[in-house]
Amino acid sequence: MQLGFYGGAGKVTGSNFLIESEHGKMLVDCGIEQGADIAVEEIYGPFPYEVKTVDALVLTHAHLDHVGRIPKLVRDGFRGKIYMTPPTKDLAELILRDSVNILANDATRRGLPLLYEEKDVDAAFALIETLDYHTEKEVAPGLSVYLRNTGHILGSASVRIMGDDGTVLALTGDIGNSPSPLLPDWEPVPDADALVMESVYGDRLHPPQAERIATLRDTLKRAIERGGTILIPAFSLERTQLMLYELSNFFSAKELPEIPVFLDSPLAIHVPEIYEKWGPTYFKNETEDEMKREGSIFEFPFLKKTLSRPESLAIEKVPGPKIIIAGAGMSHGGRIGGWEARYLPDPSSTLIIVGYQAPGSPGRRMKEGASTVRINGAEVQIKATVENLEGWSAHADRDQLMQFAEAALEKKRPKVIFTALGEPSAERFLAQRIHDYLGGNAVVPEFGETWEVIKDSVKKI
Ligand SMILES: [Zn+2]
């Protein structure tokens, strides 16, 4: 079979891989590039392959950088089936419907035609079929897939693809920061002839889990003592639920004084509903038990969810200390921008960064200590304390990725491990370590490259 890298090579976002057998074609992921220095022509321009001839699309998980261009794919003529786990289906629908307006604003700002509209999202959803973990399914002539849990977000999966000659190619999507408080640990992929693995944190380590919880608690304590507003820009999926889960634990253990917490993100308000729906089936056993015991694990009495615009605006009238959790996670849009413009110039405020910040994003600038940042077109002074908390990422770190690679190499030894879905330095670092410490053949793929993968050999064509 052949493997084409059409997104997520040398970049964290924009995941898109084309797999071809003699008779069939399928894609894994159809994501959008995110961050300030996006390649506009790669997003808005035509796909670099013939969309109409692709038989199927399989999704690893519901993050926008893995699903964001699906409606465009359908708009451009894709009529195959789209496969994903049941939780991914619910989450992807929420994410894609939410993205329509955000992308429309982006297109207008750039003077470009709309990437897609609501009706394209509807058309995409008519093509979905759910596929659960550990079920073999032929999705295109000569290509069958099998999904395994990756512990990254609810429903996340690695995709194993078997050709009719028995060749096995596997793509990890994003690999979780296991152990997660909510999800089971990632499953190893022991049977690939070639493996494409993510490498976001290929060159960095997270602090230990217990330490990250203590650091979050101490950071919040200091911020509460400052008396001002505490802003937490958070990705709506997983990070927001993790923050609510930990806050709920701190409050019920009386480790923090009771202060108002606002979840000011329409998207993040709906995500816990999906987590509650699927948690009893897809969470790890301890968390499933906790849910049965306590009911909701993301709720506490002074959590206020502000769905409407007037409710959101009313947050300003509540005196500090107070916590506002809102998207977008890299401060590149959404309601957090308005709060940052309002509260960053106030020295009693605190901004707590808990996630990956892409190069060029406002979040990255703030993380790196900038004294001003451009938000919604205006320059904003940063007088607030900026706290950068490591370890809350939903991605595996350097050592966890090495463990994943080691497990993949243990039995079958893939002929090649492609390190993708990372910044180039992280991809190179991980590839070098796989080579040096595990004796594996690791390659950093480039955008647009096609490789031939057959049982005994893998080569670039
Ligand atoms: Zn992801």
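In these legends a residue is called exposed when its relative accessible area is over 50%, buried when that area is under 20%, and partly exposed in between; the model shown is a predicted one.

View 1. The side chains of Lys-119 and Glu-117 meet in a salt bridge, with a distance of 3.6 Å from N to O. Lys-119 has a relative accessible area of 52% and is therefore classed as exposed, whereas Glu-117, with a relative accessible area of 30%, is partly exposed. Through salt bridges that share partners, Arg-75, Glu-117, Lys-119 and Asp-120 are joined into one network.

**View 2. A salt bridge between the buried residues Asp-264 and Arg-335.** In this salt bridge the N to O distance between the side chains of Asp-264 and Arg-335 is 2.7 Å. Asp-264 lies in the loop between strand S13 (261-263) and helix H8 (266-282), while Arg-335 belongs to helix H11 (residues 335-343), so the pair ties together parts of the sequence that are 71 residues apart. Asp-264 counts as buried because its relative accessibility is 0%, and Arg-335 is likewise buried, its relative accessible area being 13%.

**View 3. A salt bridge between Arg-364 and Glu-368.** The closest N and O atoms of Arg-364 and Glu-368 are 3.0 Å apart in this salt bridge. Arg-364, at 19% relative accessibility, counts as buried, whereas Glu-368, at 59% relative accessibility, counts as exposed. In the structure, the count of salt bridges comes to 31.

**View 4. An edge-to-face aromatic pair of Phe-418 and Trp-451.** The structure holds 15 aromatic pairs, and one of them is formed by Phe-418 and Trp-451, whose rings are 5.0 Å apart from centre to centre, with 75° between the planes. This pair links distant parts of the chain, since Phe-418 is in strand S20 (residues 416-420) and Trp-451 is in strand S22 (residues 450-454), 33 residues apart.

Note on methods
Residues are numbered from 1 along each chain as its sequence is written. This is a predicted model: local features need pLDDT of at least 70, side-chain atom pairs count only at pLDDT 80 or more; totals for chains, interfaces and linings use all residues. Side-chain values use heavy atoms; hydrogens and water are left out. Rings of Phe, Tyr and Trp (its six-membered ring) pair if their centres lie within 6.5 Å; planes under 30 degrees apart count as stacked, over 60 as edge-to-face and the rest as tilted. Helices (H or I, at least four residues) and strands (E, at least two) are DSSP runs, numbered from the N terminus. A salt bridge is a side-chain nitrogen of Lys or Arg within 4 Å of a carboxyl oxygen of Asp or Glu. Buried means under 20% relative accessible area, exposed over 50%, partly exposed in between (1.4 Å probe, protein chains only).
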